[in-house]
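Dear colleague,

I am handing over the structure we spoke about, placed just below. After it come my notes on what was found, arranged by region.

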Amino acid sequence: MDTEGTYDGQTTRAGHVPRPAGPPVHPPRPRHAPAGPPALADWLRVPRTSDGPGVWSYGHVPRAAEEPDRTPTRQLLSGALIALLAGLLLWSLLWNGYLGGFWLWPLYMFTPDSWAGTLPSVVASYLWYAAVAGGLAFGFGRLGRWPELGRRIAGGDRSARAARPAAAAPPPPGGPDDPARWPQVREAGMADVADRLAREAESGRMNDVDCVRIRRAWESVRVDPSRARAFADAVRDKGAGACVHPSGARDLPARTARHDLLARQVLLGTVEDGPRNPYARRGTPLALDPDVLGTSLLAVGPSGTGKTVRLVRPVVEALALQALAGQAAVVAVGAAGAPLGPDEGYDVVVRVGDPASVHDLDLYGGTTDPDEAATLLAEAFVGDVPGIDVRRSATALAQLIGPFRAAYGRFPAVPELRELLDRVPAALTALREALAGGEHHAMLRELDARERQHGAPADPGPALADRAALLDRPAFATFFNVGGGAAGHGRPFSLRALEHPIRVRVDLPERAHADASRILARLLLAQFNAAAAARSDRSLFAFLAFDDASHTLTPGTVRGVQRLRSAHAGVLLALRTLDDVPEALRTPLLGAVGCRMAFSGVTTWDGKRFAEAWGTEWVEARDVTHRTVFADQPLTRALHAFRKLVTGKAVTTDAVTVRQVERERWSASDLAHAVPPGHAVLSLTSVRGERAAPLLVKLAGTA
């Protein structure tokens, strides 16, 4: 698939600087904020800070690491009332002389006898009464914690707010550091270009995708200053439409989630404000970005829990927006009809088995190496078959694919490959004659070796032929065209296009051809692992999302997923249950991915696997022991008997033991029964090794 576009006769990629041509084009209005004046400028000015993986950085204010000591309001109120009553009682006793007149001695000592009955004596007496009353109010107020109660009632708990660091102040509008005025471009001596971009933002002709795309183009200018003139000409000519994506699109047809393209994040939900979550993360929005998706994500939940709508589509949508900004390449794989977004939101839509499909799928992943092509096919054909060695199967395929390519200059189509695996005499004879005419003696030896191995114990040939037969169906007759044989779809898509900012959706015929769909899913995963690692330019984040990864994983692809984080790539694997993965691969799969997500309704068997992966933590356990009090004195025994008669309970004392114990972060039972509908438990790991403990998250879109 050609993912490059032409710009005044010059080939370009999104985010790279071309020479401009044509009149300026106004973009469609984004379906979600930020958009239009003055939202875009305000959006740019909002500070973005993060104190851990998964934190929605847009306007984030970090919380304290631990919950501050907070006395319950009811306890504060009762204590303040008791202190008030005690203070009033003491004042009444003093005023009425029940405690004597000692508290008046200082007044008598410091006032002359000549003042008796005069106005100064009255004034001095009331001043002293006020001082004593004020002292009592101060003492009993401190004892009853009246100031804290007043702050609690007047303006909430200021102690908790005081523990938070102050939020970063946004730059003043119009100042030298105002991002809406493009200070980096202005400092480089392109004041007219910066003014043009600022006017585009103020007038509403620039959206968030334009802003991020032009920022990326400017970064390429900083790396290669020779592009500065082309960048300036493009902005002067097209304004916000400069350096556009090869498709010409500047936004998606619709957005279903909230995105912050400046931080490359998509909002997934809100961390529950409860004791199961760390205090610093309670009530904070949770987001996903390439930094955590680069370690790959495994999501498990039964049907109807929202894996597609609340996870897969928002993530694919975020990466599609980033592809328009020249930052990512995304491939979404799902069953035909899965709600992964409209066709207009993709550059390539492959509908396998649909005669109306515009694009085809390259069966060999765009490679020209027969051994590599055989390895990918073997992984897809028999990688899930127990007892069959994938490497031996790859050798068997290479012994047929290599000679065929040497003879005909292309790889065999599916019917031709099936004939070779089934050892059809006419196909083998024609291949030998073509090789003999070209003096390909090495390839003839390969065919002879395949001939000798046929029928031997553990020969993978019959199994490979059976799997090839699943793809050799009338519904796929015009698909998997290799440039020869019967006419097929003329625009095959290959995962080698991951070096370009491309948006791809592959619809598999899951209902009519379930086994063939699983083969193609395994093939796509194997090809993605190989293509992502083989990219020469890894500046784009490559991502593959499976709406249903059942029966897709093999030992080879699990190892490949683990190596993706070093290739600036990742995958999203959604499963209904871990039973859809071979038992021997369940533990390696949980270890290969850095992000794990358990939706509500998982079984205890699946919960046990997640609990083992998330491990244990040290917690403080409080054991309370109730002991009955036995009194020795007759009066005490009588009081205890009366209390038992009134309350119905014996008089006891509580002995509290506090100790540190090691417990599971989330037990299998908690995951199966304590996760509410519309929620999920999610742990995150960034490519830098930062970790977020399992968090109970209320997913966006949940009532």
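Which backbone oxygen does the side chain of T552 reach, and at what distance? The model is a predicted one, and in it the side chain of T552 reaches the backbone oxygen of A549 at 3.2 Å. T552 itself sits in the loop between strand 12 (541-546) and helix 20 (555-562), and because its relative accessibility is 0%, under the 20% that sets the limit, T552 counts as buried. Leaving aside residues up to four places away in sequence, T552 touches A521, R522, L525, F546 and T557.

S114 is also a loop residue, found between helix 3 (105-110) and helix 4 (119-144), but with a relative accessible area of 61%, S114 is exposed. Between S114 and P634 there are 520 residues of separation in sequence, and their C-alpha atoms lie 61 Å apart in space.

Helix 14 covers residues 390-408, and at 1.5 Å a residue its 19 residues should span 27 Å, which agrees with the 26 Å between its end C-alpha atoms. As for the ends, D389 caps the N-terminal end of helix 14, with a side-chain oxygen 3.2 Å from the backbone nitrogen of R391, while G409, which follows the helix, has a positive phi near 75 degrees.

Helix 8 can be described along similar lines: its 13 residues (191-203) should span 18 Å at 1.5 Å a residue, and its end C-alpha atoms are 18 Å apart, which agrees. The buried residues of helix 8 are V193, A194, R196, L197, A198, E200 and A201, so you will find both R196 and E200 in that list. Among the elements that cover these buried residues are helix 1 (39-45), helix 7 (183-187), helix 9 (208-223) and helix 10 (228-238). Just after helix 8 comes G204, which takes a positive phi of about 90 degrees.

Technical notes: Residues numbered from 1 in each chain as written. Predicted model: local features only at pLDDT ≥ 70, side-chain atom pairs only at ≥ 80, totals over all residues. Heavy atoms only, no water. Helix = DSSP H or I, 4+ residues; strand = E, 2+ residues; numbered from the N terminus. Buried < 20%, exposed > 50% of the residue type's maximum accessible area, 1.4 Å probe, protein only. Expected span 1.5 Å × (residues − 1). Polar contact = N/O pair within 3.5 Å; in protein donor to acceptor, adjacent residues only side chain to side chain. Contact = heavy atoms within 4.5 Å.
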